[in-house]
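Subject: Structure for your files, with notes

Hello,

The structure is pasted below, and my notes on it follow. Please keep the two together when you file them.

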Amino acid sequence: MTIRILLADDQESVRIGFRLILDSQPDMEVVGEAVDGRQAVELAAALKPDVVLADIRMPRMDGLEVTRRLAGPQAADPVRVVVVTTFGLDEYVHTALHNGACGFLLKRSGPALLVEAVRSAMAGDTLISPSLTVGLLRHLQETGRPRTAQPAEALTDRETEIARLVAKGLTNAEIGVELFISAGTAKTHIANIQRKLEARNRVGIAAWVWGNGLME
């Protein structure tokens, strides 16, 4: 199945870059481009994309309002929205997720994470740029301590070490450099950690780490 994607960003260079990355994937196709928020909502209704990539700061309607209209609880025909922005402000992350976003990426996250975010959205998961994880977890602690349930299968010492680095917001490549392993090996460890913790994503891993006081 081909994932049909709508791009919403007022910068043509960004749209061109995203299109090149996404159209190069065998299972993805960019079906439309919007230059402002209002056009994004109109094109989403007309084209029925599977995923919308929406910038936050756009003319006529910002990406947070676009997200609320397309993916919020009042949306008649909800669409998966991944917010992509230059600005990683905590209030943006919280508002986007509250409005129904199924991903929040910084534009500097790189092609691999962009593609992963689209696939995660289609799988019903939520992907957030690793560098934003720490701020989000601090917010979770302020509003209620994350779950601290122990996994049925205990983490190894190396997996616990990697989980702490995930909670610090490190990418797979950065974890590899820190522990002198490849990014691919780090990714495999993280997949095993997610399975053991029954965590949907990296935020779930970080929530477990913070909730068990492993960062204190």
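At the N-terminal end of α2 (37–47), a side-chain oxygen of Asp36 comes to within 3.1 Å of the backbone nitrogen of Arg38. This falls under the polar contact criterion: a pair of N or O atoms within 3.5 Å, where, within protein, one must be able to donate a hydrogen and the other to accept it, and residues adjacent in sequence count only if both atoms are side-chain atoms. The start of α3 has a contact of this kind too, with a side-chain oxygen of Asp62 within 3.1 Å of the backbone nitrogen of Leu64.

The model is predicted, so local features need pLDDT of at least 70 and side-chain atom pairs pLDDT 80 or more, while totals for chains, interfaces and linings use all residues. Residues are numbered from 1 along each chain as its sequence is written, and side-chain values use heavy atoms, without hydrogens and water.

Helices (H or I, at least four residues) and strands (E, at least two) are DSSP runs numbered from the N terminus. The chain has 10 helices and 6 strands. Of its 216 residues, 50% are buried, where buried means under 20% relative accessible area, exposed over 50% and partly exposed in between, with a 1.4 Å probe and protein chains only. Contact means heavy atoms within 4.5 Å; of the contacts between residues at least 6 apart in sequence, 64% join residues at least 24 apart.

Back to α2: its buried residues are Gly37, Ala40, Val41 and Ala44. They span an arc of only 95 degrees around the axis, so they sit on the same side of α2; the arc is taken over the directions from the helix axis to the C-beta atoms. Their cover includes β1 (3–8), β2 (28–34) and α3.

Arg60, in the loop between β3 and α3, is another non-glycine residue with positive phi, near 70 degrees. Its relative accessibility is 52%, so Arg60 counts as exposed. In α3 (residues 63–71), Gly63, Leu64, Val66, Thr67, Leu70 and Ala71 are buried. Seen down the axis, these residues fall within an arc of 155 degrees and therefore line one face of α3.

Next, the helix pairs. Two packed helices are described by the angle between their axes and the distance between the axes. Axes are lines fitted to C-alpha atoms, for helices over the stretch in contact, and angles run from 0 to 180 degrees between N-to-C directions. Under 35 degrees counts as roughly parallel, over 145 as roughly antiparallel, 65 to 115 as roughly perpendicular and the rest as oblique.

- α7 (residues 157–167) and α8 (residues 172–179) pack at about 130 degrees with axes 10 Å apart, and are therefore oblique. Arg158, Glu161, Ile162, Leu165 and Val166 in α7 meet Ile175, Glu178 and Leu179 in α8.
- α7 and α9 (residues 183–197) pack at about 95 degrees, axes 10 Å apart, and are therefore roughly perpendicular. Here Arg158, Glu159, Ile162, Ala163 and Val166 in α7 meet His189, Ile190, Asn192, Ile193 and Lys196 in α9.

Finally, Glu174 is in α8 and, at 41% relative accessibility, counts as partly exposed. Glu174 and Ala186 are 12 residues apart in sequence, and their C-alpha atoms are 9.3 Å apart in space.

Regards
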